[in-house]
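Please examine the structure shown here. The briefing that follows treats its domains, its chain contacts and its nonpolar cores in turn.

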Amino acid sequence: MADVVIRAEGLSKHYRLGRGPKYKNLRESLTGLARHPLRYLRRPTLEMIWALSDVSFSVGRGEVVGVIGHNGAGKSTLLKILSRITEPTAGRAEVTGRVGSLLEVGTGFHSELTGRENIYLNGAILGMRRAEIARKFDEIVAFAEIERFLDTQVKHYSSGMYLRLAFAVAAHMDPEIMLVDEVLAVGDAAFQKKCLGKMEQVAAAGRTVLFVSHNMASIVSLCGRAIRLGSGKLVDDGPAQEVVQRYLQSVATQEIVNLADRRDREGDGSVRMTGVRIESLDRDSVIRPTSRLRVSLDYCSDKPLVYAKFLVGVYDLGGKGAFLLDSEATGGLPETLPPVGTVVCETEPINLTPGRCFLNLAVIKGAGMADYVQSACYLDVEPDDVFGTGKLPTRSWMLCIVRHSWHLQPSDVNGGSAPAGGHPGQAEAR
Amino acid sequence: MIEPTRGLSALQLGDLWEYRELLYFLVWRDVKVRYKQTVLGALWAILQPFLTMVVFTLLFNRIARISSADLPYPLFSYAGLLVWTFFSQSLSQSSGSLVGSANLIKKVYFPRLVIPASAVLAALVDFVVAAPMVAVLMAYYGVAPNPALVALPVFLLLAMAAALGAGLWLAALNVEYRDVRYAIPFVVQLWLFLTPVIYPADTVIGWLEHKGLPGWLVALNPMTGVVEGFRWALFGAPENPWPLTLVSAVITGILLVTGSLYFHSMERSFADIA
């Protein structure tokens with residue numbers, strides 16, 4: 001690596017817990033000082049959380065590096081330090097070149113201003129020069145597809161238009177080094193695709209990119225290399241494909257142990273999922289491509305749950321969704337659930353190729369996320385002779401497997417429009 | 001190069017220059033947004049000091065009989081209020097500016113000084129809108145301008161420096177201690193009474209000297225020198241504001257330097273606690 005543009009050496013950052021980053025109040029500080037003058041001299045004994053500890057790595061010019069890890073692993077802190085928003089507690093980083101950081105789209109947008117005005121304002125906030133914005137103005141507007149609403153106040157925009165405009169401005173920054181945090185996780189599918197396309201362009205143009213994402217598929221497709229953080233430490237570094245693979249394998253093996261002990265969960269915490277079990281409904285309880293599953297979710301809360309919705313998302317190791325078990329879509333759960341209990345979901349045949357899948361679990365109460373655990377557990381689909389021929393598509397090729405049959409259409413003209421013979425559930429070869 | 005800063009390193013004024021366009025856009029945004037969806041718009045910038053002047057004239061001149069150094073009281077108080085309003089706007093806007101821009105601070109890097117500085121500059125626009133009213137009042141009362149008018153920008157700069165100095169202190173304090181938000185309106189109100197806006201500084205100087213104290217103590221309030229100097233530049237009265245201005249300028253300088261240093265020492269933690 002002849003040309004290093006980012007060199008981090010022993011980067012560490014800690015936050016104090018307890019006294020917290022929340023509001024402080026002068027009176028409390030003064031009375032605290034008066035009562036325990038010594039405590040103020042012994043500050044470092046307060047509980048610390050090391051958001052990053054001793055992280056060292058370097059990135060060469062033109063490298064596109066994915067940053068992965070659980071929530072709370074320190075990914076965002078790392079980007080914040082590299083973009084100079086916050087300072088490391090210890091260690092140092094050398095960054096050579098103009099840095100553009102995109103930790104959020106639409107930072108500094110003002111709802112009272114028009115689209116046109118916000119392009120200039122947001123551009124300036126992202127570090128673009130006025131002349132540069134003026135030059136790229138038409139391109140930005142075209143990318144955002146908001147020509148007609150250019151002189152409308154942003155507060156009247158739909159959320160989609162708002163996002164498109166925000167991303168359009170950000171996408172036209174022209175930095176040598178780009179730090180991107182999960183911004184592609186917003187918007188609809190078409191928009192996401194467009195954003196990914198833009199990111200690919202940026203990467204192809206030889207720019208150096210540090211890209212944080214939970215979407216393993218986009219990490220693998222965009223990045224040549226990936227680094228993985230775990231509890232603030234750098235735990236893996238290498239070709240993206242391999243790092244992602246090892247990461248998903250490790251989440252799968254370690255996390256099934258105890259769902260209740262998982263710290264890296266999101267949601268307001270009003271409900272907690274404490275256990276999950278996946279069983280095959282086959283007699284010998286092996287999970288096969290054609291097995292039906294029973295997923296049992298233990299939960300607890302301090303109040304009965306009203307209108308709670310349980311979601312179980314099943315993903316392949318690349319992060320692509322296979323299917324979603326959604327208690328609201330199917331109905332079936334009572335409106336009010338006891339404060340502590342177990343909900344059970346039974347499926348039709350899962351139709352997955354042999355291989356490992358992992359599950360994200362969520363409980364949503366009303367409009368808010370109550371509990372959300374990523375990669376809560378995994379399931380291994382064992383190979384099975386589904387078609388009775390010994391032939392089976394592999395996971396690296398296909399995610400789904402569907403029973404089907406083939407036959408030659410009879411040459412009889414009248415029979416031309418007859419539906420294909422055989423029952424869908426029945427493989428003809430049997 | 002990113003590493004933990006220790007102590008008080010350079011103030012990164014070069015960085016501030018680097019980000020002058022951002023400063024410009026933030027000022028532009030503040031000005032643009034301030035009077036959106038108002039009927040009177042920028043007229044508010046004139047109305048505030050003007051109506052205050054009317055009330056002051058009634059209360060303090062007609063009823064309480066406060067003298068105004070041989071000037072028509074409306075003119076006397078409007079001039080004071082004009083520069084005072086600029087100062088108080090700058091101060092209160094800049095004090096709240098960091099907390100108000102928390103979302104920016106947490107997501108984008110730029111020299112944090114840009115934020116309170118833009119609040120002060122945005123207040124300057126209101127000042128410019130309200131300033132011609134002085135000329136109207138001068139014409140109405142037949143007070144001729146005098147050559148000292150060229151010194152006006154000096155006093156305006158002094159007011160900006162004082163507002164920025166105090167604003168930097170309060171903005172940085174406000175990030176950690178939200179008490180500041182409640183203290184500001186109160187501080188600004190009291191500060192008005194301690195500043196010779198309603199009354200001429202001579203009154204206080206006379207009182208101080210009567211008590212055997214030096215008269216320049218009145219200028220420990222940086223705004224004393226500004227308001228007195230401002231009136232001098234406009235009307236030529238009081239006759240010699242320079243001693244007061246000098247004392248106030250020194251205090252302002254101290255305020256600005258210590259404010260910048262404190263701000264800079266706190267700057268690194270803004271993103272973590274804002």
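Chain A is divided into domain 1 (4–251) and domain 2 (259–381), with bounds that come from an automatic or database domain assignment. This is a predicted model, in which local features need pLDDT of at least 70, side-chain atom pairs count only at pLDDT 80 or more, and totals for chains, interfaces and linings use all residues. Residues are numbered from 1 along each chain as its sequence is written, while chains are lettered from A and ligands numbered from 1 in the order in which they are written.

**Domains of chain A**

- Ten residues of domain 1 of chain A are in contact with eight residues of domain 2 of chain A, a contact being two C-beta atoms, placed from the backbone, within 7 Å.
- On the side of domain 1 of chain A that touches domain 2 of chain A, α8 (216–222) and α9 (240–255) of chain A each supply at least two residues. Helices (H or I, at least four residues) and strands (E, at least two) are DSSP runs, numbered from the N terminus.
- That side of domain 1 of chain A has five nonpolar, five polar and no charged residues. Here Ala, Val, Leu, Ile, Met, Phe, Trp, Tyr, Cys and Pro count as nonpolar, Asp, Glu, Lys and Arg as charged, and the others, Gly among them, as polar.

**Chain A as a whole**

- The secondary structure of chain A comprises ten helices and 18 strands.
- Of the 430 residues in chain A, 37% are buried, that is, they have 20 or more other C-beta atoms within 10 Å of their own, these atoms being placed from the backbone.
- A:Ala171, in helix α6 (residues 159–171) of chain A, counts as buried because it has 24 C-beta neighbours inside 10 Å.

**Contact between the chains**

- The contact takes 37 residues from chain A and 26 residues from chain B.
- On the side of chain B that touches chain A, the largest share, six residues, comes from α2(B).
- By class, this side of chain B has twelve nonpolar, two polar and twelve charged residues.

**Nonpolar cores**

- The largest nonpolar core has 180 residues, of which A:Val65, A:Phe211, A:Val244 and B:Ala159 touch the most other members. A nonpolar core is a set of buried Ala, Val, Leu, Ile, Met, Phe, Trp, Tyr and Cys residues joined through C-beta atoms within 7 Å.
- Helix α8 (residues 152–176) of chain B gives the most to this core, 14 residues.
- A second, separate core of six residues includes B:Ile205, B:Val218, B:Ala219 and B:Val247.

Notes: Buried ≥ 20, exposed ≤ 12 C-beta atoms within 10 Å, placed from the backbone.
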